[in-house]
Amino acid sequence: MAEIVVVGAGIAGLAFSVAAARQGFVVDVFDRKSEPEVPSKLSSNVLAINRSSRTFLEEEGVWALIAEQYRTPFRDMLVKDGSGSGCVSFSADEIGITELGHIVDQPALCTALIQVAQSFDSLRLNWSSHIDIHNFKQGDVPLLVGADGIYSEIRERFRLQKIGYDYKQTATVCIVKTEEPHNACARQWFLSKGPLAMLPLSDTHEVAVVWSSYESMMELEDYAFRSELLRASEGDLGRILSVGRRYEFPLRQQHALQYVEEGLALLGDAAHAIHPLDGQGANLGFGDARALITE
């Protein structure tokens with residue numbers, strides 16, 4: 001019988017499950033989606049992973065399983081206000097470290113987490129499956145973990161209150177090829193319609209774009225999108241040579257007023273969802289996982 005049931009096999013749920021299994025707990029993980037396929041190429045779904053999260057993933061044997069082309073270190077960060085009147089820059093060299101963080105492909109990270117999870121006999125991954133939440137009661141297992149995202153059924157079922165609001169923005173993500181190399185620098189512009197980030201990838205002339213805006217970018221033709229991106233990025237990386245497939249998702253801020261109670265805990269977006277502008281969502285989720293297994 002499982003000692004811990006985790007609902008949600010995203011990166012936070014999987015990371016916690018691996019850490020719990022390593023400590024000897026019997027863990028069942030349930031997720032409605034099917035098992036993700038091993039990625040065959042880099043996606044536009046990337047995460048900014050800080051040094052603390054990297055250490056956690058190294059300790060759990062996950063980091064080494066992410067191929068180098070799916071994790072790109074960045075040494076510098078440049079943040080501009082978008083009007084040309086001011087900027088702030090950070091450098092790893094200034095504080096005597098090798099990098100500020102890594103840009104990591106999320107599907108590749110999930111694959112690595114699953115690979116480690118499958119190495120434990122005490123950890124069972126149940127894909128395309130779910131528990132009967134409405135008939136599930138606290139105390140049915142010693143610990144029930146809701147890692148099931150911003151619209152968490154676990155949070156709603158056990159009436160853990162939340163506060164939040166819609167940003168009225170969507171984030172457009174894609175991979176673009178640029179004329180100039182990114183030089184391992186993560187760049188961000190704060191524009192009147194929302195922040196734009198261009199994040200370095202393993203190809204020195206490719207960056208992942210995360211563009212949050214009050215206006216949708218999906219209806220623009222590629223040439224128009226390239227033109228808008230060139231203008232917004234002030235030509236810092238030269239011409240935009242090509243644009244990969246674009247995706248869009250809505251943005252919302254949300255915070256559960258209570259993360260834990262007897263026999264129940266929330267992780268990741270189920271507990272707190274934030275704007276992607278500072279790239280800390282995944283790091284907060286890993287912080288949750290580490291805190292829960294060590295407290």
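**Reading pockets, cysteines and contacts**

By class, four nonpolar, four polar and four charged residues make up the lining of the second largest pocket. This is a predicted model, where local features need pLDDT of at least 70, side-chain atom pairs count only at pLDDT 80 or more, and totals for chains, interfaces and linings use all residues. Residues are numbered from 1 along each chain as its sequence is written, and side-chain values use heavy atoms, with hydrogens and water left out.

User: Which strand and helix each supply at least two residues of the lining of the second largest pocket?

Analyst: A pocket is an open set of points on a 1 Å grid over the protein atoms alone where a 1.4 Å probe fits, with protein on both sides within 12 Å along at least five of seven lines; lining residues have an atom within 4 Å of a point. Helices (H or I, at least four residues) and strands (E, at least two) are DSSP runs, numbered from the N terminus. Here, strand S13 (206–213) and helix H5 (222–232) are the two elements. The lining includes Trp-211, Glu-228 and Arg-231. For the classes, Ala, Val, Leu, Ile, Met, Phe, Trp, Tyr, Cys and Pro count as nonpolar, Asp, Glu, Lys and Arg as charged, and the others, Gly among them, as polar.

User: How many disulfides does the structure hold?

Analyst: A disulfide is a covalent bond between the sulfur atoms of two cysteines. The test is a pair of cysteine sulfur atoms within 2.5 Å, and the structure holds zero disulfides. For Cys-174, the nearest cysteine sulfur is that of Cys-185, 18 Å away.

User: Is Gln-254 buried or exposed?

Analyst: Buried means under 20% relative accessible area, exposed over 50%, and partly exposed in between (1.4 Å probe, protein chains only). Gln-254, in strand S15 (residues 247–256), is buried at 4%.

User: What does Gln-254 touch?

Analyst: Contact means heavy atoms within 4.5 Å. Not counting residues up to four places away in sequence, the partners of Gln-254 include Ile-150, Arg-155 and His-272.

User: And where is Gly-61 found?

Analyst: Gly-61 sits in the loop between helix H2 (51–59) and strand S4 (71–74). At 36% relative accessibility, Gly-61 is partly exposed. With residues up to four places away in sequence not counted, Gly-61 touches Arg-22 and Val-116.
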